[in-house]
Every structure is written in structure tokens, then in C-alpha cells.
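Please look through the sequence and the structure below before reading on. The report that follows goes through them part by part.

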Amino acid sequence: MASGIEVSTECKSIFEEIRKLKQHRYVIYAIKQEREIIVDVVGRRNASYDDFLNDLRKGGPEECRYAVYDYAYHHQCQGASSTCLKEKLFLMLWCPMQAKIKDKMLYSSSFAALKKEFNGVQKYIQATELDEACRECVEEQLRMLDRN
């Protein structure tokens with residue numbers, strides 16, 4: 001809990017369904033009535049990254065959100081001829097530039113609560129514009145975690 005905001009049980013359950021069971025591709029969370037973090041959207045396992053970006057911005061240009069995404073990509077180890085599939089979880093704080101200052105502060109101060117609850121996340125990303133949340137930018141950040 002941070003800023004008096006609780007992480008709902010459903011948030012934790014959906015996160016585990018992504019992390020352990022691979023049932024969903026992503027989940028988007030919202031703060032409800034400044035008291036609780038709730039599940040807003042759950043992305044099906046075969047959803048695309050574009051689906052994710054659309055759902056992330058579904059609330060409008062002034063709405064902040066959190067998101068967990070199970071990102072998959074191919075990685076080629078140095079000296080190897082074949083590639084392997086890598087999957088990494090990232091937790092994103094989406095606070096668009098047009099969002100109200102109060103909302104930005106609320107989401108930013110509560111981000112630590114999600115970090116604490118969601119064990120197994122490999123990367124934390126904060127984005128205020130679409131180019132910071134785009135596939136290329138996110139994949140670049142995730143690839144930096146790989147060993148060559």
C-alpha cells in the first residue's frame with residue numbers, strides 16, 4: 001500500500017495468471033476512487049502489442065494507467081547460429097502529458113505498491129508519450145537485460 005491505496009486481490013490473481021500460467025498477454029490496472037488499484041482490461045494471450053497500446057489509451061488522453069505485459073521476442077546468443085524465444089514481464093506506469101497533475105502524483109506515488117506486490121517483473125518502465133511505450137522502445141530496454 002502507498003498513499004493509502006490498496007492493490008486489489010484480483011490484481012494479484014491476474015498477475016499470477018500471466019506470470020505463472022501464461023493465460024493472458026497483459027493486464028491494465030486503474031486506480032478507483034483514489035482508494036484501490038483494480039483490473040481495467042485483461043488482454044487475451046494472442047493479443048498483439050498494438051491491442052495493448054490501444055487498451056492502455058482506451059480511457060482517453062488524460063487517463064493514467066498501470067500495465068503488466070508478458071513480452072516475447074527472439075534472442076540470438078553470441079556465437080550461436082540459432083535463436084531462442086525469450087519472455088520478460090514488464091510493469092509500466094502510463095502517465096500521459098495531458099493527465100491532471102493530481103492523477104500523475106497519485107499514480108506515481110502508488111507505483112511502488114505494485115512493484116512490491118508483483119514479484120518476477122524484470123523491467124519497470126515509465127512512459128508519458130506513445131514513443132516511450134512503443135514496441136521498439138520497450139524491446140530495446142528488455143534486450144539490454146540480456147547477456148550476449
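## A buried aspartate

Aspartate 70 has a relative accessibility of 0%, so this residue counts as buried. The model is a predicted one. Aspartate 70 sits in strand β4.

Which side chain makes a polar contact with the side chain of aspartate 70? The partner is lysine 22, at 3.0 Å. Leaving out residues up to four places away in sequence, aspartate 70 touches Ile18, Lys22, Arg25, Arg45, Glu87, Lys88 and Leu89.

Lysine 22 is not a glycine, yet its phi is positive, at about 55 degrees. In general, most residues other than glycine have a negative phi.

Glutamate 34 also has a positive phi, near 55 degrees, and is a residue other than glycine. The loop between β2 and β3 holds glutamate 34. With a relative accessibility of 43%, glutamate 34 counts as partly exposed.

## The nonpolar cores

How many residues does the largest nonpolar core have? There are 27, and those with the most contacts inside this core are Tyr29, Ile37, Tyr66, Val68, Tyr107 and Phe118. Two or more residues each come from α1 (9-19), β2 (24-32), β3 (36-44), β4 (65-75), β5 (84-94) and α3 (101-117). Helix α3 gives the largest share, five residues.

Valine 68 is one of the core residues with the most contacts. Not counting residues up to four places away in sequence, valine 68 touches Phe15, Ile18, Arg25, Tyr26, Val27, Tyr29, Leu89, Phe90, Leu91 and Phe118. Another core, of 20 residues, lies apart from the largest one; among its residues are Tyr26, Ile28, Ala67 and Val138.

## Helix α5

Helix α5 spans residues 135-143, and Val138, Glu139, Gln141 and Leu142 are buried in this helix. Why do these residues lie on the same side of α5? They cover an arc of only 160 degrees around the axis, and that puts them on the same side of the helix. An α-helix has 3.6 residues a turn, so residues three or four places apart point the same way.

On the other side of α5, Glu136 and Glu140 are exposed. The buried residues of α5 are covered by elements including α2 (49-56), β4, β5, β6 (123-127) and α4 (130-133).

## Helix α2

Helix α2 is one of the elements that cover the buried residues of α5. Its own buried residues are Tyr49, Phe52, Leu53, Asp55 and Leu56. Viewed down the axis of α2, these residues fall within an arc of 165 degrees, so they line one face of the helix.

What do the buried residues of α2 pack against? They pack against the strands β2, β3, β4 and β5 and the helices α4 and α5.

## The annotated domain

An unreviewed UniProt entry carries the annotation "domain: ADF-H" for residues 4-143. Over residues 4-143, the chain is 35% helix and 34% strand. The end C-alpha atoms of this stretch are 35 Å apart.

Conventions:
Residues are numbered from 1 along each chain as its sequence is written. This is a predicted model: local features need pLDDT of at least 70, side-chain atom pairs count only at pLDDT 80 or more; totals for chains, interfaces and linings use all residues. Side-chain values use heavy atoms; hydrogens and water are left out. A nonpolar core is a set of buried Ala, Val, Leu, Ile, Met, Phe, Trp, Tyr and Cys residues joined through side-chain atoms within 4.5 Å. Buried means under 20% relative accessible area, exposed over 50%, partly exposed in between (1.4 Å probe, protein chains only). Helices (H or I, at least four residues) and strands (E, at least two) are DSSP runs, numbered from the N terminus. Contact means heavy atoms within 4.5 Å. The arc is that of the directions from the helix axis to the C-beta atoms. UniProt positions are given in the numbering used here, feature names are shortened, and annotations may be inferred rather than shown by experiment. A polar contact is a pair of N or O atoms within 3.5 Å; within protein, one must be able to donate a hydrogen and the other to accept it, and residues adjacent in sequence count only if both atoms are side-chain atoms.
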